[in-house]
Amino acid sequence: MAENPRARRLADRIKVIVAQLLDTRIKDPRLGFVTITDVRVTGDLQNASIFYTVYGDDTERAGTAAALESAKGLVRSEVGKQTGVRLTPAIEFHLDAVPETAAHLTAALDEARRRDAELAALREGKDYAGGEDPYRKPAEDDDVDALGGALADDLADDLGADDDRRA
């Protein structure tokens, strides 16, 4: 859906209308515990896709899908009455995959936690190969002065050795 403000407002209104209809007026026994998760309206306001989730197993999902399909005419007429748009959008119901995606992500996070715990257990009681902090750090100012003097002495010694070789 494009970022059309009118389409977004209509989608929000349709979401409220459909949720109220499912709660109060549609009494189909096949209808399970349904939650309307999102509504998307095309930019020309001609089609509305309603996404829903159902709490339960596959048989309850199938029954709810059949109940929503049979109530599509009632939903569309009620949306047309309550929104007041010139052309009522065509309604399509889609089962939202949010619960399955959330379950997959939860399983991946649990696996990562388990592997982190295994790694922490393996790491326990072990020492670093090159010491705690193997990276070089800048020398302190006092060390630099002492080091500079030592380097100067070494350089002078080297230069003196070169002079001895030349002679």
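Colleague: What percentage of the 167 residues of the chain counts as buried?

Modeller: This is a predicted model, in which local features need pLDDT of at least 70 and side-chain atom pairs count only at pLDDT 80 or more, while totals for chains, interfaces and linings use all residues. Residues are numbered from 1 along each chain as its sequence is written, and side-chain values use heavy atoms, with hydrogens and water left out. Buried means under 20% relative accessible area, exposed over 50%, and partly exposed in between, with a 1.4 Å probe and protein chains only. Of the 167 residues, the buried share is 23%.

Colleague: In what order do the elements of the chain run from the N terminus?

Modeller: Helices (H or I, at least four residues) and strands (E, at least two) are DSSP runs, numbered from the N terminus. The chain has five helices and three strands. From the N terminus on, their order is α-β-β-α-α-β-α-α.

Colleague: D96 is buried; which side chain of opposite charge is nearest to D96?

Modeller: D96 lies in the loop between β3 (90-95) and α4 (98-123). Its side chain makes a polar contact of 2.6 Å with that of T37; such a contact is a pair of N or O atoms within 3.5 Å, where within protein one must be able to donate a hydrogen and the other to accept it, and residues adjacent in sequence count only if both atoms are side-chain atoms. D96 has no salt bridge, a salt bridge being a side-chain nitrogen of Lys or Arg within 4 Å of a carboxyl oxygen of Asp or Glu. With Lys and Arg counted as positive, Asp and Glu as negative, and His and the chain ends not counted, the nearest side chain of opposite charge is 6.8 Å away and belongs to R40.

Colleague: Which residues are linked with R40 in a network of salt bridges?

Modeller: The structure holds eleven salt bridges. One of them joins the side chains of D38 and R8 at 3.9 Å, N to O. D38 lies in strand β1 and R8 in helix α1, so this pair ties together parts that are 30 residues apart in sequence. The residues networked with R40 are R8, D12 and D38.

Colleague: What is the N to O distance in the salt bridge of E118 and R114?

Modeller: Both residues lie in helix α4, four residues apart, about one turn of the helix. E118 is partly exposed at 43% relative accessible area, and R114 is partly exposed at 40%. Their side chains meet at an N to O distance of 2.3 Å.

Colleague: Where is Q46, and how far apart are the C-alpha atoms of Q46 and P89?

Modeller: Q46 is in the loop between β1 and β2. Leaving aside neighbours within four places in sequence, Q46 is in contact (heavy atoms within 4.5 Å) with L87, P89 and A90. Q46 and P89 are 43 residues apart along the chain, and their C-alpha atoms are separated by 4.3 Å.
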